[in-house]
Amino acid sequence: MIALIQRVLEAAVTVDGRTVGAIGPGLLAFVCAERGDTEASADKLLTKLLGYRVFSDEAGKMNRSVSSLDGKTDGMGTAGGLLLVSQFTLAADTNSGTRPSFTPAASPADGKRLFDHFVTQARARHPIVQTGEFGAYMRVSLVNDGPVTFWLRTSPDAA
């Protein structure tokens, strides 16, 4: 599984003009399932995402995870939100030509099952979780903080 995470001051997802998910300070995570991924690989990716230290501590070093913010209120609102957005294009094979191949991506049914599992587990482990809509055409707006962006990946054989 893949997650492209961005530290944000705020982020929102709209579908057909209606906001379906929004957070204040926290992480926006674009999540993708690849062929062969399982619930175990989703769980491993979630653990990594929740514990990944991308927020500054008192000394200004990236030593805090989204879990350590845990819904605390700061001067910009409630911190520690997690906005999860499905994005199968992260699995694109771009090694040849000028048109991506999506062969590495999980099938839509497997992708939905694994994304839903990821969201369910995230909600069980974190207090502020919002989502986009799987398979929908979404507009994502964000204010990247830093900018701070990381690509996280777990492979099925590493789960």
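**Labels and their grounds**

Author: In this predicted model, helix 1 and helix 3 cross with a right-handed sense.

Reader: Which residues make the contact between helix 1 and helix 3?

Author: On the side of helix 1 they are E39, A42, D43, L45, L46, T47, L49 and L50, and on the side of helix 3 they are R113, L114, H117, F118, Q121, A122 and R125. These residues divide into 8 nonpolar, 3 polar and 4 charged.

Reader: Why are helix 1 and helix 3 called oblique to each other?

Author: The axes of helix 1 (residues 39-51) and helix 3 (residues 108-125) cross at roughly 45 degrees and come within 9 Å. Angles under 35 degrees count as roughly parallel and those of 65 to 115 as roughly perpendicular, and the two helices are therefore oblique to each other.

Reader: What is the volume of the largest pocket, and how do its lining residues divide into nonpolar, polar and charged?

Author: The volume of the largest pocket is about 410 Å³. Among the 21 residues lining this pocket, S86, Q87, F88, F134 and G135 are the closest to its centre, while strand 3 (26-32), strand 8 (81-86) and helix 3 are the elements that each give two or more residues to the lining. The lining residues comprise 16 nonpolar, 5 polar and no charged.

Reader: What makes the peptide bond from G146 to P147 cis?

Author: Its omega is near 0 degrees, and P147 itself is found in strand 10 (residues 139-153).

Notes. Residues numbered from 1 in each chain as written. Predicted model: local features only at pLDDT ≥ 70, side-chain atom pairs only at ≥ 80, totals over all residues. Heavy atoms only, no water. Axes fitted to C-alpha atoms, helices over the stretch in contact; angles between N-to-C directions. Helix = DSSP H or I, 4+ residues; strand = E, 2+ residues; numbered from the N terminus. Parallel < 35°, antiparallel > 145°, perpendicular 65-115°, else oblique. Left-handed = near helix turned anticlockwise from the far one by under 90°. Contact = heavy atoms within 4.5 Å. Nonpolar A, V, L, I, M, F, W, Y, C, P; charged D, E, K, R; others polar. 1 Å grid on protein atoms, 1.4 Å probe; cavity = no way out; pocket = protein on both sides within 12 Å on 5 of 7 lines; lining within 4 Å. Points joined across faces, edges and corners; volume = space filled by probe spheres on them.
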